[in-house]
Amino acid sequence: SVDSRIVHLLRGLYPTGSASYESLFADSRDRQELVATFLAVLELVKAQRITLEGERVRLERGHRRAAP
């Protein structure tokens, strides 16, 4: 699901703070997972959790989640 891919992407970005855009899709096993990963990237950009800079993706560490 998209939610599980969001968690997976954030966990992968947290140690270094950045990664190549292409590497985000490296462990996607099929088309459904590729689409879920792409939608997860869009959601993270929309929520300002990550930024895309050329071919790099950067984790926005200063982001604070809004209270529900």
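View 1. Alanine 19 stands opposite valine 57 in strand E3. The model you are looking at is predicted. The pairing that brings in E1 and E3 is antiparallel and runs over three bridges. Helix H1 packs on the sheet and touches E1, E2 and E3. The direction of H1 makes about 90° with that of E3.

**View 2. The hairpin of E2 and E3.** Here you can follow strand E2 (residues 50–53) and strand E3 (residues 56–59), which pair in the antiparallel sense over four bridges. Leucine 52 is the residue that stands opposite valine 57 in E3. Two residues lie between the strands of this hairpin, and glycine 54 in the turn has a positive phi of about 65°.

View 3. In what order do the three strands lie? They form an open sheet in the order E1-E3-E2, with antiparallel pairing. Strand E1 (18–20) and E2 are the edge strands, each pairing on one side only. On average, neighbouring strands of this sheet are turned by 25° against each other, direction ignored. As background for reading this view, strands of a sheet pair through backbone hydrogen bonds, either parallel or antiparallel.

**View 4. Where the two helices meet.** Helix H1 (residues 2–13) and helix H2 (residues 31–46) pack at an angle of about 70°, and their axes are 8 Å apart. That angle makes H1 roughly perpendicular to H2. The crossing in which H1 passes H2 is right-handed. To find the contact from the H1 side, look for Val2, Arg5, Ile6, Leu9 and Leu10. On the H2 side, these residues meet Glu33, Ala36, Thr37, Leu39, Ala40, Val41, Glu43 and Leu44. What kinds of residue make up the contact of H1 with H2? They divide into nine nonpolar, one polar and three charged.

View 5. With the details in hand, here is the overall layout: the protein has two helices and three strands. From the N terminus on, its elements run α-β-α-β-β. The radius of gyration of the protein is 12 Å, close to the 11 Å that the globule rule gives for 68 residues, so the protein is as compact as a globular protein of that length. Along its principal axes, the C-alpha trace spans about 35 × 30 × 20 Å.

Terms used
Residues are numbered from 1 along each chain as its sequence is written. This is a predicted model: local features need pLDDT of at least 70, side-chain atom pairs count only at pLDDT 80 or more; totals for chains, interfaces and linings use all residues. Side-chain values use heavy atoms; hydrogens and water are left out. Axes are lines fitted to C-alpha atoms, for helices over the stretch in contact, and angles run from 0 to 180 degrees between N-to-C directions. Angles under 35 degrees count as roughly parallel, over 145 as roughly antiparallel, 65 to 115 as roughly perpendicular and the rest as oblique. A crossing is left-handed if the near helix is turned anticlockwise from the far one by less than a right angle, and right-handed if clockwise. Contact means heavy atoms within 4.5 Å. Ala, Val, Leu, Ile, Met, Phe, Trp, Tyr, Cys and Pro count as nonpolar, Asp, Glu, Lys and Arg as charged, and the others, Gly among them, as polar. Two strands pair if DSSP finds at least two bridges between them. The radius of gyration is taken over C-alpha atoms; the globule rule is 2.2 Å times the number of residues to the power 0.38.
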